[in-house]
Amino acid sequence: QVRLVESGGGLVQAGGSLRLSCAASGRTFSNVPMGWFRQAPGKEREFVAGINWNGGSTTYADSVKGRFTISRDNAKNTVYLQMNSLRPEDTAVYYCAADRHNWRGVVPGTEGAYEYWGQGTQVTVSS
């Protein structure tokens, strides 16, 4: 059974930092892009960051550029999202996702391109 499990969410004050992790099990995703998305209350899920298979290419939403960093450790089958300078508007449920059909391809920025999803982890930033 393929699973993506996020962890590391929590409550943090504005200006603080959190590091999210996404551990994959059941199969390896070392050759496909991975992404982080988020969904705030009453809003649609949106792309946050993506990384290609070997970490050589990353892409970010404009709203998080310069504050968030995506990385991966293929030996651990894990993807990370380092979030710094957090703002109240970053409050959301954060999901990781894998584009399993895109072998060593470019990072897609659309939700529909990703086939596997985690259950999400809540991030709350207080002002």
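Student: What makes Asp62 count as exposed?

Tutor: This is a predicted model, and in it Asp62 has a relative accessibility of 64%. The word exposed is used for values over 50%, so Asp62 counts as exposed.

Student: Why is the contact of Asp62 and Lys65 called a salt bridge?

Tutor: The side chains of Asp62 and Lys65 meet at 3.1 Å, N to O. A salt bridge needs a side-chain nitrogen of Lys or Arg within 4 Å of a carboxyl oxygen of Asp or Glu. The value of 3.1 Å is within 4 Å, so the pair qualifies. The structure holds 5 salt bridges.

Student: What makes Arg38 and Asp90 a salt bridge?

Tutor: The closest N and O atoms of Arg38 and Asp90 are 2.9 Å apart, and the cut-off is 4 Å. Arg38 lies in strand E4 and Asp90 in the loop between E8 and E9, so the pair ties together parts that are 52 residues apart in sequence.

Student: Are Arg38 and Asp90 buried or exposed?

Tutor: Both Arg38 and Asp90 are buried, which means that each has under 20% relative accessible area.

Student: Which parts does the salt bridge of Asp90 and Arg67 tie together?

Tutor: The side chains of Asp90 and Arg67 meet at 2.7 Å, N to O. Asp90 lies in the loop between E8 and E9, and Arg67 in the loop between E6 and E7, so parts 23 residues apart in sequence are tied together. Arg67, like Asp90, is buried. Through shared partners, salt bridges join Arg38, Glu46, Arg67 and Asp90 into one network.

Student: How do you know that E7 and E8 pair?

Tutor: Two strands pair if there are at least two bridges between them. E7 and E8 have 6 bridges, in the antiparallel sense, so they meet the rule. In one of these places, Ser71 has Tyr80 in E8 as its bridge partner.

Student: Why are E1 and E7 said to stand at the edges of the sheet?

Tutor: The open sheet has 4 strands in the order E1-E3-E8-E7, with antiparallel pairing. Strand E1 (3-7) and strand E7 (68-73) each have a single partner strand, so one side of each is left without a neighbour in the sheet. Neighbouring strands here are turned by 15° against each other on average, direction ignored.

Student: What lines the largest cavity, by class?

Tutor: Its lining has 4 nonpolar, 3 polar and 1 charged residues. Among the lining residues are Phe29, Met34 and Arg72. Arg counts as charged, so Arg72 is the charged one. The space in this cavity is about 30 Å³.

Conventions:
Residues numbered from 1 in each chain as written. Predicted model: local features only at pLDDT ≥ 70, side-chain atom pairs only at ≥ 80, totals over all residues. Heavy atoms only, no water. Helix = DSSP H or I, 4+ residues; strand = E, 2+ residues; numbered from the N terminus. Axes fitted to C-alpha atoms, helices over the stretch in contact; angles between N-to-C directions. 1 Å grid on protein atoms, 1.4 Å probe; cavity = no way out; pocket = protein on both sides within 12 Å on 5 of 7 lines; lining within 4 Å. Points joined across faces, edges and corners; volume = space filled by probe spheres on them. Buried < 20%, exposed > 50% of the residue type's maximum accessible area, 1.4 Å probe, protein only.
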